[in-house]
Amino acid sequence: MDDISTQSYIGDIMLENCLMNASGCNCQFLSDLIQLDKSNSGAVVSKSCSVNNRLGNPIPRYYHNDTLSINSMGLPNEGYKYYIEAGDSIHKPYIMSISSQALYEDISILEKASSSNISAIELNVSCPNIAGDPQLSYSFDRLEEFLRKVFEYADYNKHIGIKLSPYFDISHFNMAFDILNMFKTNITFLTCINGIGNGLYIDLDKEEPIIKPKNGLGGLGGSIVKPTGLANVNLFANNTNFDIVGCGGITSGQDAFEYILCGAKTVQVGTQLVKEGTDVFSRIDSELKKIMYDKNYNSIECFRNKLTYK
Ligand code: DHB
């Protein structure tokens, strides 16, 4: 299996393999980022950051079981300077995630990131957990205006990706394609999907929600979101020309294979990384290579976006 490669690209950024962590999972602190750097991931992604550090929401704010995770972390992060400096300790492609809190914040972080060891920025327009802040990804007029202003005013020199929430309605997909396609020259990649927002998970014994913030509402991840993630990846791959980063319920080589078949160039592992630790990357990479071997594929381009329809 030595001649089978899972190498991939985001724009012109080469990844030794197509796996990385999902933003938010085991990536808040420098020690986490260094562990990811030492692991067999193809890239390292930071926790979504704001200008100033934040403690986030009260605990318990995260839970997982065999099929799902639910979180309402509330954007705990160390502030953008920390994640720019962390880049100096990372030896593989490093993607800094910025959570859009306010336009001027994002523009100033983008500019500060320019002279740094960051390979790309993932602009997160889809955090479901900040009370009172509508998700930009669901407010189409505001999303368009936000992207227009970012690209008009920010003086930046990094590849930019947009992390999207899942869409469920075809008319919403079409609106998202139209807006994102206006920024063809500015955007390199789309990450699909962020958590399915505002689920509720009940602790049966206590007869109360399992997490505390927002009366128990939280973003869903894990295996239950995979069909939604695959649909979003496939639709964005077929209706835009951006590189697609797949995310949502990836636990195995088979899941990674399905995402790539649907059009993803790389995939992110979230809930399963939290469960298993950074050994998850070697396991999924070798499972993916085994599937490729059985199917006689030696690179991911042999099957990427080659889903056939009945
Ligand atoms: C948080 C959750 C998200 O899904 C996200 O995209 C950004 C931040 C959080 O609650 O910390």
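**Figure 1. The loop that holds Ile 193, with a cis peptide bond.** Ile 193 lies in the loop between strands β10 (189–192) and β11 (196–200); helices (H or I, at least four residues) and strands (E, at least two) are DSSP runs numbered from the N terminus. The bond from Cys 192 to Ile 193 is cis, and its omega is near 20 degrees. The model is predicted, so local features need pLDDT of at least 70 and side-chain atom pairs pLDDT 80 or more, whereas totals for chains, interfaces and linings use all residues. Residues are numbered from 1 along each chain as its sequence is written, and side-chain values use heavy atoms, without hydrogens and water.

Figure 2. Ile 59 and Pro 60 are joined by a cis peptide bond. Omega is about 0 degrees here. Pro 60 belongs to the loop between β4 (44–45) and β5 (62–64).

**Figure 3. Asn 26 and its backbone angle.** The loop between β3 (19–21) and α1 (30–38) contains Asn 26. Although Asn 26 is not a glycine, its phi is positive, at about 50 degrees.

**Figure 4. Residues around the ligand.** The shell (residues with a heavy atom within 4 Å) consists of Lys 47, Asn 71, Met 73, Gly 74, Leu 75, Pro 76, Asn 124, Cys 127, Pro 128, Asn 129 and Asn 194. By class, five of these residues are nonpolar, five polar and one charged (Ala, Val, Leu, Ile, Met, Phe, Trp, Tyr, Cys and Pro count as nonpolar, Asp, Glu, Lys and Arg as charged, the others, Gly among them, as polar).

Figure 5. A polar side-chain atom of Lys 47 is 2.8 Å from a ligand oxygen, and an N or O atom in the side chain of Asn 124 is 2.7 Å from a ligand oxygen. Met 73 uses a backbone N or O atom, which lies 3.2 Å from an oxygen of the ligand. On its own the ligand has 290 Å² of accessible area (Shrake-Rupley, 1.4 Å probe), and the protein covers 92% of that area.

**Figure 6. The largest pocket, where the ligand sits.** The ligand sits in the largest pocket (more than half of its atoms lie within 2 Å of the grid points). A pocket is an open set of points on a 1 Å grid over the protein atoms alone, where a 1.4 Å probe fits, with protein on both sides within 12 Å along at least five of seven lines; lining residues have an atom within 4 Å of a point. The space in the largest pocket is about 720 Å³, filled by probe spheres set on the points. Of its 43 lining residues, Ser 23, Gly 24, Cys 25, Asn 71 and Asn 194 lie nearest the centre. Elements giving two or more residues to this lining are β6 (69–71), β14 (217–221), β16 (266–269) and α8 (271–276). Helix α8 gives the largest share, four residues. The lining has 16 nonpolar, 23 polar and four charged residues.

**Figure 7. The second largest pocket.** About 310 Å³ of space lies in the second largest pocket. It has 18 lining residues, with Ser 100, Gln 101, Ala 102, Leu 136 and Arg 142 nearest its centre. Helix α4 (residues 140–153) contributes the most to this lining, four residues. By class, the lining has eight nonpolar, six polar and four charged residues.

Notes. A polar contact is a pair of N or O atoms within 3.5 Å; within protein, one must be able to donate a hydrogen and the other to accept it, and residues adjacent in sequence count only if both atoms are side-chain atoms.
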